[in-house]
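Please keep the structure open while going through the points.

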Amino acid sequence: MVSIIVTHKKCLWYLEDCLKSIAGQEFKDYETILVVDDLQDEPEEFQKIIDEYQDKIHLSVFYLNGKTGVSAARNLGLDKAQGEYIYFLDNDDYIYEEGVKKLLDVMEEDTDMAYGRVQGTYQGTVTFEEKRDFEKEEERLSKYDFYHPLEAKFTHYRRLENLTVLGAVYKKSLFEENNIRFNEEQFCFADVLVLTKIMCSTDKIKGNIDAIYVKRHHNDRYNNPAIEQTPKIDSMPYYFMAVDNAKKIAKGHKEIERHLDLILAKFTTLYLVKKLRWNTEEEPCWKEEYFSELHKRLKEVNLRHLNRKYIYWLEKSVMRAVAAGDLEKTKKSGNRLLAKRKIKRMFKNKWARNKAFALHIFNKMETKKDWVIFESFMGRNYSGQPKYIYEYMQKHYGDKYTYIWSVDKRGLKIPGKHKTVKRSGLRYFYYMNRSKYWILNMKQPLSVPKREETVLLETWHGTPLKRLAFDLNDVVGGVSNYKDKFYRQKEAWDYLLSDNPFSTEKFQSCFMYPKEKILEYGYPANDPLYATDREERAKKIKEKLGIPLDKKVIMYAPTWRDDNYYEIGQFKFDLDLDVNRLEKEFGDEYVILLRLHYLVVEALDMSKYGDFAVNGSAYDDVTDLYLITDILITDYSSVFFDFANLKRPVLYYTYDLERYRDVLHGFYLSMEDDLPGPMLLTNDDVVDAIKNIDKIEEQYKDRYEEFYNRFCCVDDGHASERVVKKIFGE
């Protein structure tokens, strides 16, 4: 029998995935020991999960009393284990397929340990398999000898936090006969000592490349940090403790000793040099206590024994200086090392090159108090809140300011007197660094640090239906450090624009943004929806798009799917709406305007639809498209909040509702109870709804009025005026 030891403190959505992965094992000769360390979840919700899995996974629950920490929890689990074998599983991780059974398959009578692969991910169990990159997995495996136990579990890794006991089955007798326990004083890096003891105690170890343990990294270090995300300044005492204890155990085992020396050396050249350059005033312990601790250890290291494959001459000069205890020489050598790395990056990457110019030249120039830079959707078009703020300023402020537009492509038509700069080009960095005002509707690039005197207005681009940023448990379609980057970006915002009280409330949560800096002024992009000449404008827009004036317009404006992408930020889209059928049913009365989300890079093939379908994706400004739209069909996009200002019918084509809600995003509203139109699951439903649009309008009349009063209560055609007067004065 295998005793699966799970430790838990908080985050039930992680724990549920973890226990579900155990229940999914066809192999059933196991017990599950859940050790709870200072429970921080709601007890009732926690108990629901326990009740659900109690019998499914032979679950026993124990609580730490008088102790805390993962080391104490694992030791208690070892004490309670009844099985012949031990398998450690953290609550935020999970077992892939028959991971435990595959390890037992290679365990023989005299085998003490069987290990598999530990695979990192930011995904939950539902999307992990879909997002596996088999080519990258093969590439990683080709870099070392997986079936050499010491290399596979120890010497392949050059960071202390990567040494782990996870992903392996152990004979319980291995722990008992060699007195192997976790050090309960060790808050982090606790695995290092145990793994070192195991490697020094037995060579009866086998591997199975097909057994996968999924290590789930946390994507929110601010609200839900993993132990490995403990700030370095706080974890360093445990770092030194782990290295020292491991080296004592490994005395005489030259390969392990040298590898621990290499880990210290790489930490010095990759991390210490940065701390000494940037943070010694804010964090003096790096040049005092921690430098001294590294000096004591590196002076005992024979640098000639370190593998030249991993340490080159400039890094050795840093280590010699640390070994000599010479702080100033360490700083100089470290600065040369960092400069070499930066120059190398500059030659390879234009962003790095332009960032260096910005940091060392443009950032030292005087800020121009009358320069305003605008950018909409990362320079893709001339639209959104920045467009209408700019047009208001052109009309009412004229030449008082110099206006600069950041664009991603040539030929973007922008009226009025202004300068245009190519986003990411050298002039872009110049103007971003020197302009006092930034007006953006997307997150700003971190490669352009905001100066203290710069005023950044983040206008955003919609009322949120989908959960965003820090309200998301998993970030399926974003980069792994999405929340970390978002946190640093939002910290630079001076103001955030909100369209209604609902958005104000949600922005405080999802962006972790203070209410006093949120301007609940309405959205400038909605001003044209209240203009007295909107009917005349609508006619001109129809003529521009080639839409007959006697035809009504159905606009289909779906959002992207987080799990359907070519690469991060470039999403695919599969058109599930049957346009040909709509043409047969409604071609005499309507045209359909297809408007994909700006993140979707799929180019629609419009040729097969004839004159019935019009491509609205290339049209810059969706506000113009609202003016000509008689019926909006959408799904989970925020467009319907803005469109509702016109009080025209909205249909929701939500064919993948369950997956989008439960796996990809989740919602702030009840789709069934709060939206001002019906949810349609099939093309038949869509056709039927359009045929009966008058009945639907009547059916949803009261709910639409409630929706309008809740979400359109601030917009009145004067949002641009309110925003500009706040930011720039009367």
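1. In this predicted model, helix α9 (residues 190-201) packs with helix α10 (residues 232-249) at an angle of about 10°, and their axes lie 9 Å apart. Angles under 35 degrees count as roughly parallel, and α9 and α10 are therefore roughly parallel to each other.

2. On the α9 side of this contact are Val 192, Leu 193, Thr 196, Lys 197 and Cys 200, which meet Ala 242, Asn 245, Ala 246 and Ile 249 of α10. Sorted by class, the residues in the contact of α9 with α10 are six nonpolar, two polar and one charged.

3. Helix α11 (residues 254-278) and helix α14 (residues 327-348) also pack, here at an angle of about 110° with axes 9 Å apart. As the range from 65 to 115 degrees counts as roughly perpendicular, α11 and α14 are therefore roughly perpendicular to each other.

4. The residues of α11 that take part include Leu 270, Val 273 and Arg 277, while those of α14 include Leu 327, Gly 334 and Arg 341. Taken together, the residues of the contact of α11 with α14 divide into six nonpolar, four polar and four charged.

5. How many disulfides does the structure hold? The structure holds zero, and for Cys 510 the nearest cysteine sulfur, that of Cys 713, is 18 Å away, whereas a disulfide needs the two sulfur atoms within 2.5 Å.

6. Is Cys 510 buried or exposed? Cys 510 is buried, with a relative accessible area of 0%, while Cys 200, with a relative accessible area of 32%, is partly exposed.

Methods. Residues numbered from 1 in each chain as written. Predicted model: local features only at pLDDT ≥ 70, side-chain atom pairs only at ≥ 80, totals over all residues. Heavy atoms only, no water. Axes fitted to C-alpha atoms, helices over the stretch in contact; angles between N-to-C directions. Helix = DSSP H or I, 4+ residues; strand = E, 2+ residues; numbered from the N terminus. Parallel < 35°, antiparallel > 145°, perpendicular 65-115°, else oblique. Contact = heavy atoms within 4.5 Å. Nonpolar A, V, L, I, M, F, W, Y, C, P; charged D, E, K, R; others polar. Buried < 20%, exposed > 50% of the residue type's maximum accessible area, 1.4 Å probe, protein only.
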